[in-house]
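Notebook open, structure loaded. I want to go through the fold first, then the contact between the chains, then the confidence.

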Amino acid sequence: MSLFKEQRGVAEIIGFLIVTTALFGAVTYVLAAKGQQAGQQAQGLIDIMREAEARQGELISYAYAENNQENVKVYLFNYGTENVGENARFFTQGRENQALKHDDNHIYKDAATGALYNSIPPNRLVEIILPKPPENEFYLTVLTKHRGVFSWRVVLR
Amino acid sequence: MKKSVVCKDERGFAIVAAAMLVAISIFFGLAAAVVVEHSRLVEGAARVQQLQSVRSREELSLRVLSGGNVEVVNKGSLPSVIVDFLINKPNGLVVIPVENAVPYLGAFKRETFTITDEDNLREFDVGVLTQLGNVFWRG
């Protein structure tokens with residue numbers, strides 16, 4: 001009878017150790033593998049949301065376009081609160097065009113003051129010069145650094 | 001022997017409980033960070049949506065008067081802020097900022113702005129640019 005009791009005690013200890021080891025192993029695995037994975041996923045989500053937040057803060061409007069001989073001068077206005085348009089890409093009728101630089105670095109020129117910018121400051125109307133497409137009516141698309149897409153129908157007079 | 005088993009029992013459970021608590025804390029922290037970012041995004045989206053809604057309801061009309069004066073009428077139900085006047089001249093667009101003037105125009109109000117000394121303003125297209133990025137030309 002006593003021998004049975006002792007055997008049951010040992011079995012209980014062994015059983016407990018197995019359960020504890022399994023639980024601890026599972027928790028350690030979750031912490032080590034899934035924790036890191038969850039951290040990466042959370043960081044990825046946060047990055048996507050921050051990018052979306054930056055993108056939704058980009059607010060530019062088309063004001064006017066002027067027909068020159070070989071180029072078209074387009075006036076854009078930033079009605080948001082953040083600078084917009086750094087490293088922006090410009091497309092006319094779906095074809096990418098490089099904006100002409102006003103000096104070595106700047107493609108934006110303040111329409112009122114003539115100041116040169118790398119991006120469009122808030123509340124400023126700027127001009128950019130693009131190669132003139134063959135048609136006098138075309139779609140101008142601007143793709144910003146934060147992947148914001150703006151598209152306007154431009155009619156040259 | 002029995003006392004020792006109880007102690008081991010408690011220590012083992014304590015270790016597991018602590019590890020689980022740490023794991024829960026880490027996951028809770030990650031979830032909280034994501035929720036905070038998400039709420040900021042939603043708040044920003046609501047703000048932008050509101051701005052776009054106001055923008056679409058803005059409506060101004062212009063009338064060119066003599067002596068380089070332009071009368072602006074706010075036909076919309078919300079106040080407008082005028083940023084620039086635009087004059088489309090043959091040699092290019094002339095932009096006249098109104099930083100020194102009173103650019104605020106209340107709903108259903110009219111205001112006269114002197115934008116130039118030139119008296120031949122009626123010969124050109126004249127426009128007004130608002131803070132919400134709308135351009136209204138003389139009709």
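I started with chain A and got one helix and nine strands, taking helices (H or I, at least four residues) and strands (E, at least two) as DSSP runs numbered from the N terminus. Along the sequence the pattern reads α-β-β-β-β-β-β-β-β-β.

Before going on, I noted that this is a predicted model, where local features need pLDDT of at least 70, side-chain atom pairs count only at pLDDT 80 or more, and totals for chains, interfaces and linings use all residues. Residues are numbered from 1 along each chain as its sequence is written, while chains are lettered from A and ligands numbered from 1 in the order in which they are written.

Next I looked up the chain interface. I found 33 residues of chain A in contact with 33 residues of chain B (C-beta atoms, placed from the backbone, within 7 Å). On chain A's side, helix H1 (2-56), strand S1 (60-67) and strand S2 (71-78) each supply at least two residues. H1(A) gives the largest share, 20 residues.

Last, confidence. I read ipTM 0.80 and pTM 0.80 for the model.

Methods
Contact = placed C-beta atoms within 7 Å.
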